Amino acid sequence: MPPQYTPAEVEGKLYENWVAEGYFTADAESAKPAHTIVIPPPNVTSVLHLGHALDVTIQDAITRRKRMQGFEALWLPGTDHAGIATQNAVEKQLAKEGKSRHDLGREAFVKRTWEWKEEKGGAILNQIRKLGASVDWTRERFTFDEVLSRSVLTIFKRLYDDDLIYRAERIINWCPRCLTALSDAEVEHHDDEGELVSIRYGEGADAIVVATTRAETMLGDTAVAVHPEDERYAHLVGTEVEIPFTGRRVPIVADAHVDPSFGTGAVKVTPAHDPNDFEIGQRHGLANLVVMDERAVITVAGPFEGLDRFEARPAVVAALREDGRIVAEKRPYVHAVGHCSRCDTVVEPRLSMQWWVKVAPLAEAAGAAVRDGRVNIHPKELEPRYFQWVDNLRDWCISRQLWWGHRIPVWYGPNGEVVCVGPDEVPPGTEAEGWRQDNDVLDTWFSSGLWPFSTLGWPDDTADLRKFYPTSVLVTGYDILFFWVVRMMMFGLYAMKDRGPADSVPFHTVALHGLVRDQFGRKFSKSLGNGIDPLEWVEKYGADATRFTLARGANPGVDLATGEDWCQASRNFCNKIWNATRFALMNGATNTGLPAREQLSTVDRWILSRLTAVTAEVDAYMEDYQHAKACAALYHFAWDELFDWYVELAKAPLNAGGEAAQTTRAVLGHVLDVTLRLLHPYIPFVTEELWKTLTGGESLVIAEWPKADVSLTDPAAEEEILALQQAVIEVRRFRSDQLLNKSQRVPGRLTLSGSLAAHEADLRALARLTPPEEGFATTATLQTALAVVELDLSGTIDVAAERARLTKDQMAAAKEIAQAKAKLENEAFLAKAPEPVVAKIRGRLAGAEADLSRIQTQLAALPAESEA
RNA sequence: GGGCGCUUAGCUCAGCGGUAGAGCGCUGCCCUUACAAGGCAGAUGUCACUGGUUCGAACCCAGUAGCGCCCA
């Protein structure tokens, strides 16, 4: 075994073997209880980033533990068809050939997109292999697969028949670049620099000034609105005013939606290009004038016709200025503007005929499932965020003017018939007969909302569906709570309602993690150039190091900052595990079973007691999705206790040979075995490699998850080793302060009391003290609670350093005495504090007083300063 | 504008009523035959501010300031 662990040499080979052995393949016929996770399907066009890596790491840790615990663990992988993104990718490819999708036609374009998907899509799934994800590849799914498409058509039909899907003309978010409608969730608002222009409409006493950031929409104004209680404009309500350039006279209406404190208190109303204005328009029966085409080019005849909206804006303002109608201009004016989440183009609110899901009844059920505890949101602090969204959900625009996606299964007949066609039904008529299918496709989220059951074969009553639904836990970032989690909740509860309230939920728990940020807690962004490619980390430090870095930072629902230094530290940890195991193997450690308790040394009983505690701790943390804490407990136990104290203490019996060595080999082998099992969910590769060598077992993937063996808990042993550690540390401190070389052995005379008396050899070994020889002369004396250590340094000692060390200890003891005394002299404390607390303070005082007198004795015994 | 959250060691974060913790970084010493991707030792905090509750507050309550996120 080389002294350094090289991940690249083992990871690929181990992974292929795991897959080949079928360890990750779940069996729907199994008698074991199921544990199911469906992966949040990444976009088929996407590549792995650290956020995915975190999500994958957590799901893998959960799944691997459950598998080891004896669950039939299914972790189902897949991707979504990402309507806009995929269509964009293929259109870009076509553009290079000088073609548009319209040149190909719908059918050929969809075929071409499938080809693109087969060739280039799903790269991310290969990337998660590199992370060691124990997903069931035999069940890989894609939202546009035949079975999943059937799920989509089925639920569409059911919702349609239940009047939960309808078609209506409304204001939608339109992306003039993607040329499709978007749902509210696909619009990102951020502050942009714009302008606020105040325009005077009308003349003389009847004139009214409106403020707007979108002067060009003036062409579509069909009213001016003021607040009904605004005295300034009361006399104008009911009159008409002329819209410049258009000659159109529009009413001045009173509407409570108007904010009298914004601008002049009067607003122009463009119902076809603003959601608020649309509502005002509905209330007042205003006309809806669409003034732009699908590419946001002005269509109103006149001087602005043919201008893009952003060209039209300054042109309109210039013309108004010329006309003397600009009263005020504020530039730049920073305000929130909606952008297409896919291409960042400014969204154009647009009046348009679209398909909608009536969400109120579905959302209510989705809220109730969390409120009554059928679904747990973890951590609970994020529940309000869920409710905030689910309780205020507006109807969901599900139609997209794309070609890549599930085509809406509605047919329109020659005589105005509208027929929704179910998955097993034939269209009501042919095109020749005058029938045509709706041109639009469904929002990708509509199909990913079905993911927890469409992937299991719904609507068919499959063995998978029976075995693995409801899924156990959904692991995702809190940023996705809104569009995706809520939608799965709505659809799951609706589609599975026959199963009854408890079993219709799509998952029992939603475990939310935070977003990954850079080492200073900043978001990753192109402009900062702070992006990190997780695969670079995998290559450089190994998949285990990458995973451990993410897992140990994963506090529920909290963002985690990370950087290469963190990953390097994780790599070092993996290497430490490697070397400690290497040491154990070189010394013949085996896991052939624990020796009888009578044969165990205190040191053995101590490490076994600690192992028991850590096993329980890690198990509890993992059960509660507290991965950062589980990792911290493992890191500390493995490195500081097992690989440091225990291994050092084990060297003596191992070197002594005989029965002592045998016992130690068995204990070391056992503790290492259990520790590797506990670490395996987080760092599967290095643990697997080492464990197979150590135990000769088949694979850790299918090994049993450790249970805490409370019969091994041993407080006395823990106390005894603690006393030993204190004594060792005391001598090491002295040596360090005296700048003694580590290899320099110092004669020492030990006077050990209590249980520490049994550990003279351990103390000598760890503190590097030789037995006193003839002519031993004490140069310095060290003391701890149970040990007096006299050292012979041939009279040479740095008295100043020793005085400084003791003085520091003296001050610490004095401070503690003062604090404890202050409490114990407080009658209110004695009267009201619980007895155990009082006893603890008394104990602390006694200990500190003993320390103090000991230190004072040592100080007094120090030679005069000049002596050297 | 509405809502949620955060402010603890140089950095990133735990702790959420009884002596301030971790990782990384930093300082000094050490290539001690498992490991320098290592070992030993060490330094570092008016726990944002102001009040209150309590025998006791980083922790509970109220207010203030700054920061972040979500929604409008």
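In the predicted model, a sugar or linking oxygen of RNA strand B lies 2.9 Å from an N or O atom in the side chain of Asn826. Helices α11 (383–390), α19 (564–586), α21 (627–656), α24 (715–737), α26 (799–824), α27 (827–832) and α28 (835–861) are the elements that each give two or more residues to the surface near RNA strand B. Of these, α19 provides the largest share, with twelve residues.

Further polar contacts involve other parts of the RNA. A phosphate oxygen of RNA strand B is 3.2 Å from a polar side-chain atom of Tyr635. A base nitrogen of RNA strand B, by contrast, is 3.4 Å from a polar atom of the backbone of Ala580. Of the atoms of RNA strand B that come within 4 Å of the protein, 62% belong to sugar and phosphate.

The strands include an open sheet of four, in the order β6-β5-β14-β16, with antiparallel pairing. Strands β6 (180–182) and β16 (396–397) stand at the edges with a single partner strand each, so one side of each has no neighbour in the sheet. Strand β5 (residues 165–175) and strand β14 (residues 348–357) run antiparallel and are joined by ten bridges. Within this pairing, Ile171 is placed opposite Leu351 of β14. In the loop between α7 (146–161) and β5 lies Asp163. The phi angle of Asp163 is near 60°, a positive value in a residue other than glycine. Asp163 has a relative accessibility of 55% and therefore counts as exposed.

A second residue with positive phi is Leu739, at about 55°, although Leu739 is not a glycine. Leu739 is located in the loop between α24 and β26 (746–752). With a relative accessible area of 74%, Leu739 is exposed.

Two cis peptide bonds are described here. The bond from His378 to Pro379 is cis, with omega near 0°, and Pro379 belongs to the loop between β15 (376–378) and α11. The bond from Trp458 to Pro459 is also cis, with omega near 15°. Pro459 is found in the loop between α13 (451–454) and α14 (463–468).

Cysteine pairing was examined next. Zero disulfides are found in a search of the whole structure. For Cys343, the closest cysteine sulfur is that of Cys175, and the separation of 3.5 Å is too far for a bond, given that a disulfide requires sulfur atoms within 2.5 Å. Cys343 is partly exposed, at 23% relative accessibility. The sulfur of Cys567 has its closest cysteine sulfur in Cys574, at 8.8 Å, which is likewise too far for a bond. Cys567 is buried, with a relative accessible area of 0%.

The dimensions of helix α22 (residues 658–679) agree with expectation: at 1.5 Å a residue, its 22 residues should span 32 Å, and the C-alpha atoms at its ends are 31 Å apart. Most of α22 is covered, as 16 of its 22 residues are buried.

Contacts between parts of the chain that are separate in sequence are illustrated by two residues. Thr602 is situated in helix α20 (residues 602–623) and is buried, with a relative accessible area of 12%. When neighbours within four places in sequence are left aside, Thr602 is in contact with Ala717, Glu720, Ile721 and His759. Gln783 is part of strand β28 (residues 780–783). Its relative accessible area of 18% places Gln783 among the buried residues, for which the limit is under 20%. Residues up to four places away in sequence not being counted, Gln783 touches Glu730, Val788, Arg854 and Gln858.

Methods: Residues are numbered from 1 along each chain as its sequence is written. Chains are lettered from A and ligands numbered from 1 in the order in which they are written. This is a predicted model: local features need pLDDT of at least 70, side-chain atom pairs count only at pLDDT 80 or more; totals for chains, interfaces and linings use all residues. Side-chain values use heavy atoms; hydrogens and water are left out. The expected span of a helix is 1.5 Å times one less than its number of residues. Buried means under 20% relative accessible area, exposed over 50%, partly exposed in between (1.4 Å probe, protein chains only). Two strands pair if DSSP finds at least two bridges between them. Contact means heavy atoms within 4.5 Å. A residue is near a molecule or strand if one of its heavy atoms lies within 4 Å of it. A polar contact is a pair of N or O atoms within 3.5 Å; within protein, one must be able to donate a hydrogen and the other to accept it, and residues adjacent in sequence count only if both atoms are side-chain atoms.
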